[in-house]
Amino acid sequence: MADLSISRLCVAVRTHTDYLPLSTFPDDLLPKQRVEAAIQEGIPLEHLIVVNPADSDRPELSDLALAAVGVPDDDQPLFLIRSGPLRDPMVTLLARMVLQFGWRGDDIGITHLDELGGTVGFELLDWAIPEDVATVLICDEPVFADARVGTGRFATVGLRVHRGDGPLRILDAGEGAPGDFPDVQWRFTGAGACDGWLDVHAALSAGDIADGDRILVHTKGPLREGWLLAQAVDAAGVELGAG
């Protein structure tokens, strides 16, 4: 895991309002565990709403994040990590993106990591990135929301990930609660796959993270928990962007 680094970090965030009543969907379409977890997290059953799987005329956040990261000239692999299966069970979005952006390298879709896409997902990337450099999109589209709020937060994090040294080194990642890391200067915890990375982006943008600082990205979702440990080798050298 210490062989991966990040040189570019971009984010795209949107307040999403297109949710439908739970009764709109057949009982066998939605994972029972996820429905129960949403209720346990504090959304009463009568207020549980579900994201509309229909296409929208608004730009996909993954498009905005990829545009911010930039399309390389070489045959670089593209990884699209989705938080869940509902809106895109066959990763058809990835095929469209490849055509739209004229992507020249391999494209790989990864689904069903749910809230752990931004942490444990790097264990997959550690062996899946063949050599040199890849572009990674981590998409988080919460399936459930509270009707009393009426919205959810959609987010996509775009990363340029390298083999070898880079300005932000990935030291380790794992599933479950993080261990005791007494030398960590920054801990960012959230329930979604992108939450911790959005906080990392904000802290780097503000110039708060110093060279040598260790960063713990901790995801604690309704069913699963994961973590990622990184170190800022050259904090100012991480290229930042927003879509």
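Predicted model: local features only at pLDDT ≥ 70, side-chain atom pairs only at ≥ 80, totals over all residues.
Q: What makes the number of disulfides in the structure what it is?
A: A disulfide is a covalent bond between the sulfur atoms of two cysteines. The structure holds zero of them. Seen from C139, the closest cysteine sulfur is that of C194, 6.9 Å away and too far for a bond.

Q: Why is C194 called buried?
A: The relative accessible area of C194 is 0%. Buried means under 20%, so C194 is buried.

Q: Is C139 buried or exposed, and how do you know?
A: C139 has a relative accessible area of 2%. The cut-off for buried is under 20%, so C139 is buried. In the chain, buried residues make up 53% of the 243 residues.

Q: Why is the chain called as compact as a globular protein of that length?
A: The chain contains five helices and 13 strands. Its radius of gyration is 18 Å, and the globule rule gives 18 Å for 243 residues, so the chain is as compact as a globular protein of that length. The C-alpha trace spans about 50 × 45 × 30 Å along its principal axes.

Q: How do you know what share of contacts joins residues at least 24 apart?
A: Contact means heavy atoms within 4.5 Å. Taking contacts between residues at least 6 apart in sequence, 84% join residues at least 24 apart.

Conventions
Residues numbered from 1 in each chain as written. Heavy atoms only, no water. Helix = DSSP H or I, 4+ residues; strand = E, 2+ residues; numbered from the N terminus. Rg over C-alpha atoms; globule rule 2.2 N^0.38 Å. Buried < 20%, exposed > 50% of the residue type's maximum accessible area, 1.4 Å probe, protein only. Disulfide = S-S within 2.5 Å.
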